[in-house]
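Got the sequence and the 3D view open? Let's take a walk through the fold together.

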Amino acid sequence: MMPNDWEMCKLEDIFRVIDSLHKTPKFSDTGKPMIRVTDIKGGLLDLSNTVRVSDDVFREFTKKYLPKKNDIVFSRVGSYGISAYVATDEPFCLGQNTVIAESNSNAEPKYIFNILKSSYIKRQIERTVDGSSHKTVSLRVIRNLDLPIPPLPEQQKIAKILTTWDKAIDTTERLIDNSKQQKKALMQQLLTGKKRLLDENGKRFEGEWEEVKLGDLYSFKRGKGISKGQLTDSGNKCVLYGELYTYYGEVINEVKSRTLETNSVKSKKYDVLIPASTTTTGIDLANATAVLEDDILLGGDINILRPNKSINSIFMAHLLTHFKKHEIARKAQGITIIHVYGKDLANIAVQLPDSLKEQQKIAAVLTNADKEIELLEQQLTDLQQEKKALMQVLLTGKKRVRIDEEIVYKIGL
């Protein structure tokens, strides 16, 4: 039940909704930015990587309206109904299949923006589009979206609360990006021997790295059986080949899938797994994953690299994934289904320290970097869930805010 002092309004009753020109412009190397559907991904509008149009095209495309700060841009196709908030004064124009809601003083634009991102609005839009592969939201539907509107001071307070979460989410996303870049820089130094770590006695590792072929380090096996249809909620741990490039990174820390099947190849601790087939491109096969426990069932189309001497599998998985990716991809063959075979992988040469302790030390540093990234990613998920829960109660009036006092929410940073 909506609060008595709230009202249900159409979007067009609050903001003027303006369509883009339905024509394809000529792009330019320089000029003003043009926003296309691919630029509208939710959140703030990013103009840094957009296409550009000449001043003449820009004037033509802004005859109807020149977008301004605090407006809201919509996508009408693809990720239909996805919107972005305009937080910049930089001039831009709209490309095909985009519309803009012009902000004004009748409503708090950030409140309206959060309403437009809510599941309540998404359900309204989904009821109006057909099931074809090219879904389009009509201008009439956008203009007639029903929005629950509280008094303006309450809109402003709700927007302020949700903006606090947006800032925390944005900060965490930037921390994740920074941590990933730091790990990339670490790998560039550590996996090539440009930077040497200290041993347990505080002395820097020395000695030349040796070049050796994978065939001298590993025997090659193939996984067996197990399809998605054979997965269960309980049973034996298992890995499907597709999970190696869609779910797992360089290390399997926790096994995702289970099966009641028993007729498959079992892992041995320190195996390295590489997908053996794909329907896309060879680069998708160039993902190596370390296994850290015995007896995980390994499904078909998995290359199993089983060490025949002491090799740190985490070190090797990082080395193959990040420094041998294109060489592995070049070994792939096929047209409809692309394969890579153990005999081809065996000829790949890698450079590595002959000291297992140095390999282990490098692996430990990279593992710690991964843990930092995972922690930040979990914090991001928590913040996103917290904001979603807040939106469900604040944007429906189930929880009211006090206008006359400052409300402080705990943010899980």
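First, some housekeeping. This is a predicted model, so local features need pLDDT of at least 70 and side-chain atom pairs count only at pLDDT 80 or more, while totals for chains, interfaces and linings use all residues. Residues are numbered from 1 along each chain as its sequence is written, and side-chain values use heavy atoms, with hydrogens and water left out.

Let's start inside. A nonpolar core here is a set of buried Ala, Val, Leu, Ile, Met, Phe, Trp, Tyr and Cys residues joined through side-chain atoms within 4.5 Å. Buried means under 20% relative accessible area, exposed means over 50%, and partly exposed is in between (1.4 Å probe, protein chains only). The largest such core has 43 residues, and L11, I72, Y111, I112, L145 and L147 have the most contacts inside it. Helix α6 (residues 152-190) supplies the largest share of this core, 8 residues. As for naming, helices (H or I, at least four residues) and strands (E, at least two) are DSSP runs, numbered from the N terminus.

Now zoom in on I112. Leaving aside residues up to four places away in sequence, I112 touches L11, I14, F15, I72, A107, L147 and I149, where contact means heavy atoms within 4.5 Å. Apart from this core lies another, of 36 residues, with A286, I311, L320 and V340 among them.

Next, the sheet. Two strands pair if DSSP finds at least two bridges between them. Four strands make an open sheet with mixed pairing, in the order β3-β5-β4-β8. At the edges stand β3 (27-28) and β8 (93-94), each with a single partner strand, so one side of each has no neighbour in the sheet. Strand β4 (residues 32-35) pairs with β8 in the parallel sense over 2 bridges; follow M34 across and you land on its bridge partner in β8, C93.

On to the charges. Side chains of opposite charge can pair when their charged atoms come close. A salt bridge here is a side-chain nitrogen of Lys or Arg within 4 Å of a carboxyl oxygen of Asp or Glu, and by this rule the count comes to 23. Take D55 and K32, whose closest N and O atoms are 3.4 Å apart.

D166 and K387 form another salt bridge, with closest N and O atoms 2.6 Å apart. That pair joins helix α6 to helix α12 (residues 356-394), across 221 residues of chain. D166 is partly exposed at 26%, whereas K387 is buried at 5%. K237 also bridges to E293, at 3.1 Å; K237 sits in strand β14 (residues 236-239) and E293 in the loop between β20 and β21, 56 residues apart.

Finally, the backbone. Most residues other than glycine have a negative phi. N70, not a glycine, has a positive phi of about 80°. You'll find N70 in the loop between α2 (55-61) and β6 (72-75), partly exposed at 28% relative accessibility. D295 is not a glycine either, and has a positive phi of about 70°. Look for D295 in the loop between β20 (289-291) and β21 (297-298).
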